[in-house]
Amino acid sequence: MAILANPGAPSRNGEKIHMLEILETLFNRVERIEAPGSLDGGDVMMVDDYFYVGLSERTKEEGARQFIEIIRSYGYDGEVVKLKEMLHLKSGVNYLDKNNLLISGEFLEDKRFGVFKRHQIPEAESYGANSLWINGYVFVPKGYPLVKEMIEGLDYRIIEVDTSEYKKLDSGLSCLSLRF
């Protein structure tokens, strides 16, 4: 099963048409977030069988509600996280694995994340919080040495990725990834 998002930025709506064609060749069932709901992937963080869905400028309550309804029908669960400052949820909080969580900004005081081993990203390198754990590696934006050192200290293998051009567009690693 796959879930096709409905991007909150009108300029991105054409993506879902092309992605649907691809997803239908890879999955037996493709669920969809339908208007008026909107959902961006950067607002969805998976922790094992549980999902956190950020309410942001691009992910609205109706999109989050649809997403949680879909995942519950498949035996998963989740909850909504209201954002105040960040563009996306994963702009400031990312789950690696083994209960490790990279965290920064407005999420530092969020009690729901207190159950994790929290690794605080220094404010000067907050963009580096948008790192991704995939298949035993952590992809880290290049140019954030404190973040890289912190993650290496947790015994992860690192792949640095130059995201400097994407950063100019308020984009990060989670924006550039398809996860399945």
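This is a predicted model: local features need pLDDT of at least 70, side-chain atom pairs count only at pLDDT 80 or more; totals for chains, interfaces and linings use all residues.

User: Which side chain does D77 meet in a salt bridge?

Analyst: That of R72, at 2.7 Å from N to O. R72 counts as partly exposed too, with 48% relative accessibility.

User: How many salt bridges turn up in the whole structure?

Analyst: Eleven. Among them is E31 with R29, where the closest N and O atoms are 2.8 Å apart.

User: Is E31 buried or exposed?

Analyst: Buried: its relative accessibility is 15%, and the cut-off for buried is under 20%. R29 is partly exposed at 49%.

User: What about networks? Which residues are linked in one?

Analyst: R12, E15 and D40 are linked by salt bridges. Between R12 and E15, the closest N and O atoms are 2.9 Å apart.

User: Switching to strands. What's the order in the open sheet?

Analyst: It runs β9-β10-β11, with mixed pairing. β9 (132-134) and β11 (157-161) each have a single partner strand, so one side of each lacks a neighbour in the sheet. On average, neighbouring strands are turned by 30° against each other, direction ignored.

User: In which sense do β10 and β11 pair?

Analyst: Parallel, over five bridges. F139 has I159 in β11 as its bridge partner.

User: Last one: which residues form the nonpolar surface patch?

Analyst: M1, Y74 and Y76, with about 250 Å² of accessible area together. Y76 sits in the loop between α2 (61-73) and β5 (77-82), and is partly exposed at 33% relative accessibility.

Conventions
Residues are numbered from 1 along each chain as its sequence is written. Side-chain values use heavy atoms; hydrogens and water are left out. Two strands pair if DSSP finds at least two bridges between them. Helices (H or I, at least four residues) and strands (E, at least two) are DSSP runs, numbered from the N terminus. Axes are lines fitted to C-alpha atoms, for helices over the stretch in contact, and angles run from 0 to 180 degrees between N-to-C directions. Patches are made of residues with over 30% relative accessible area and no salt bridge: like charges are joined within 9 Å, nonpolar side chains (Val, Leu, Ile, Met, Phe, Trp, Tyr) within 5 Å. Accessible areas come from the Shrake-Rupley method with a 1.4 Å probe; for residues, only the protein chains shown count as cover. A salt bridge is a side-chain nitrogen of Lys or Arg within 4 Å of a carboxyl oxygen of Asp or Glu. Buried means under 20% relative accessible area, exposed over 50%, partly exposed in between (1.4 Å probe, protein chains only).
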